[in-house]
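Subject: Structure handover

Hello,

Please find the structure below for your files. My notes come after it.

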Amino acid sequence: MDKDYRAVNRDLWDERAAAHAASPDYAIERFAADPAYLSHVVRFDLPLLGSVDGLRGVHLQCHIGTDTVSLARLGARMTGLDFSERSVEQARTLAAAAGADVDFVVSDVYAALDVLPEAGYDLVFTGVGALCWLPDVRDWASVVARLLAPGGRLFLREAHPVLWALDDARPDGLVALEYPYFERPEPTVWDEEGTYVETDVTFAHNTSVEWNHGLGETVTALLEAGLRLTGLVEHDSVPWEALVGQMDRRSDGEWRLRDRPWRLPHTFTLQAVRPG
Ligand SMILES: C[S@@+](CC[C@H](N)C(=O)[O-])C[C@H]1O[C@@H](n2cnc3c(N)ncnc32)[C@H](O)[C@@H]1O
């Protein structure tokens, strides 16, 4: 590959930002229409998230800002960070339309400390398709730990590494391990048209460069960065149709394997605090 992984992935995300903002799946117009509206990701998070009222929060890899604005609506003073300028433009437009006072910055997540204050946050929120874009989970954990103020907490809901390791939906219906579960130096490179939301847009940039990180690797990286694990829950649902044709949509908008969903950890929520 001629381009570095960041440039390849940024092209992919820049191109998808406007299409995502226009897709019914992100329901952008509902934020302006209903001042109480929250993204379905944050609505799912609420029981484990608890109150964020008054917290200084940063949302890493915030994409078009739907979850960032939702957290602001719950009373957090939010900053969103993403390396895709086009995504951040959409996020700013959304925040303005939603009447939410949110700061957005354009930065690589590994360079977050160049643009955000060290120990400046009570809450680091991230996930749902974020860690897979990063080659080294230890470097990510160190950024998270440095952003958190003493006593501050990480809230991470992410696709489960077992889900990322599965073969795509197979005609024989088998759920089969095909891709790396553990973090490996070499990425998995995909070349796939389309995206995870409903859209008619045809994209020119379809290559993505990704890494998986085992659950133990993520936990260990956070512990080694000095955080204390306070919660780890595995879920039997995921916010998008991860195995196309093999999942059913529930009334809360989450997707679950149709056949014996209890075989598969779909996503997980991890919480950790920086000791005070
Ligand atoms: C799947 S989206 C996150 C989705 C988000 N949870 C949501 O549903 O809105 C992944 C985001 O990570 C961002 N991203 C990928 N690699 C990054 C990096 N190295 N630094 C900062 N942002 C990155 C992309 O630009 C994209 O907006």
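Predicted model: local features only at pLDDT ≥ 70, side-chain atom pairs only at ≥ 80, totals over all residues.

Helices α3 and α4

Helix α3 covers residues 40–49, and its axis comes within 10 Å of that of α4, with a crossing angle of roughly 45°. The two helices are therefore oblique to each other, an angle between 35 and 65 degrees being neither roughly parallel nor roughly perpendicular. The crossing of α3 and α4 is right-handed. On the α3 side the residues that meet α4 are V41, V42 and L49, and their partners in α4 are D67, S70 and L71. By class, the contact of α3 with α4 holds four nonpolar residues, one polar and one charged.

Helices α4 and α5

Helix α4 (residues 66–73) also packs with helix α5 (residues 85–98), at an angle of about 35° and with the axes 9 Å apart. The crossing of α4 with α5 is again a right-handed one. From α4, T66, V69 and R73 make the contact, and from α5, L94, A95 and A98. Four of the residues in the contact of α4 with α5 are nonpolar, one is polar and one is charged.

Helices α7 and α9

The crossing of α7 and α9 is right-handed. The α7 residues in the contact are V137, R138, W140 and A141, while α9 supplies E217, T218, A221, L222 and E224. The contact of α7 with α9 divides into five nonpolar residues, one polar and three charged.

Ligand site

Which residues come nearest to the ligand? There are 18 residues around the ligand, and those that come nearest are Y26, H63, D82, V109 and G127. For H63, an N or O atom of the side chain is 2.9 Å from an oxygen atom of the ligand. The side chain of Q61 likewise has an N or O atom 3.3 Å from an oxygen atom of the ligand. With G127 the backbone is involved: one of its polar backbone atoms is 2.9 Å from a nitrogen atom of the ligand.

Regards

Terms used:
Residues numbered from 1 in each chain as written. Heavy atoms only, no water. Left-handed = near helix turned anticlockwise from the far one by under 90°. Helix = DSSP H or I, 4+ residues; strand = E, 2+ residues; numbered from the N terminus. Contact = heavy atoms within 4.5 Å. Nonpolar A, V, L, I, M, F, W, Y, C, P; charged D, E, K, R; others polar. Near = heavy atom within 4 Å. Polar contact = N/O pair within 3.5 Å; in protein donor to acceptor, adjacent residues only side chain to side chain. Axes fitted to C-alpha atoms, helices over the stretch in contact; angles between N-to-C directions. Parallel < 35°, antiparallel > 145°, perpendicular 65-115°, else oblique.
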